[in-house]
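Keep the sequence beside the 3D view.

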Amino acid sequence: FPSHDIPRGLYLVDPAIGINVVTGLVLFGDGRLGSQLVAKEVGGTIIKRNFNPAGPNAYVNSVTIRDIGIILRHPATANPANYYQVAIQLRHITRSLVQDVYIGNYPLGVSSGLTPPATQADGRQGYGVSIGSTSAGDPAYAGGEVNTCRRVMCSGVRFGFTIDNPTFNSPGYASAAYSTVIDCCEVSIAEVGISQYGQCGAGCTFSNNVIQSIDQMRGSSATRYSLYLDGYEHFVS
């Protein structure tokens, strides 16, 4: 399987292009403080897979992303109409792992030369980890279930960890990224901490997580949630 080391340093990534993963890829760095991907100031996704929404698509599975930091860069003043960035799209990717990763609009460690958001209301922009699938009856379907996030920290995002988010699924209720595991993770300075949308989603585990400083982003009238679950047979501890 392919393996790619990201040596210590800062790496500018254009979210409009992103880093595309393939089956079996291991993408690892020198720790979340050492190897950091810094987003260019445009909308898009940092890490994702190639996906044709009209289908068909090959299955992508067994991807590992670990020991890196991802610094999002949104407009200085938050506005729901702004472009948005997604750090990691585990959509249409199956049985994969994100571990020991930092994500957020707040620079960390070696990226401290970047300007942080002026207020927490302005820091709540973008998405940390988005997980999802397309309806199994859709020609584009290519998996998206049984993924794990462990020891991932999101600091300064609108959505921390979100499963089958309607922003990315149309309609969101037609998909079901079941058996997701989010364990020993942390979300702070967010509008929605951990969320799962759609009555078809089932069997997810949310354990040993810390969710704090949940409030609206500037200009938003949306309801705030620490934990939002639509599905059934989930385990929360």
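This is a predicted model: local features need pLDDT of at least 70, side-chain atom pairs count only at pLDDT 80 or more; totals for chains, interfaces and linings use all residues.

Residues are numbered from 1 along each chain as its sequence is written, and side-chain values use heavy atoms, with hydrogens and water left out.

Start inside. The largest nonpolar core has 39 residues. A nonpolar core here is a set of buried Ala, Val, Leu, Ile, Met, Phe, Trp, Tyr and Cys residues joined through side-chain atoms within 4.5 Å. Buried means under 20% relative accessible area, exposed means over 50%, and partly exposed lies in between (1.4 Å probe, protein chains only). Ile47, Ile70, Ile88, Ile103, Cys149 and Phe161 have the most contacts inside this core. Look at Ile103. Leaving aside neighbours within four places in sequence, Ile103 is in contact (heavy atoms within 4.5 Å) with residues including Ile70, Ile88, Val129, Met153 and Val157. A second, separate core has seven residues, among them Val86, Phe159, Phe168 and Val192.

Now turn to charge. Side chains of opposite charge can pair when their charged atoms come close. The whole structure holds nine salt bridges. Each is a side-chain nitrogen of Lys or Arg within 4 Å of a carboxyl oxygen of Asp or Glu.

One of them joins Arg151 to Asp100, with the closest N and O atoms 2.7 Å apart. Arg151 lies in strand β13 (residues 148-155) and Asp100 in strand β11 (residues 97-104), so the pair ties together parts 51 residues apart in sequence. Strands are DSSP runs of E, at least two residues, and helices are runs of H or I, at least four, numbered from the N terminus. Asp100 counts as buried because its relative accessibility is 18%. Arg151 is partly exposed, at 36%.

Asp122 and Arg218 form another salt bridge, at 2.6 Å from N to O. This pair links distant parts of the chain, 96 residues apart: Asp122 sits in helix α1 (residues 120-123), Arg218 in the loop between β19 (210-214) and β20 (225-229). Asp122 is buried, at 4% relative accessibility. Arg218 is partly exposed, with 35%.

Arg66 pairs with Asp67, and their closest N and O atoms are 2.8 Å apart. Arg66 counts as partly exposed, at 29%.

Finish outside. Leu227, Leu229 and Val236 form a nonpolar surface patch with about 210 Å² of accessible area together. Val236 belongs to strand β21 (residues 235-236). Its 45% relative accessibility is why Val236 counts as partly exposed. Patch members have over 30% relative accessible area and no salt bridge; like charges are joined within 9 Å, nonpolar side chains (Val, Leu, Ile, Met, Phe, Trp, Tyr) within 5 Å. Accessible areas come from the Shrake-Rupley method with a 1.4 Å probe, and for residues only the protein chains shown count as cover.
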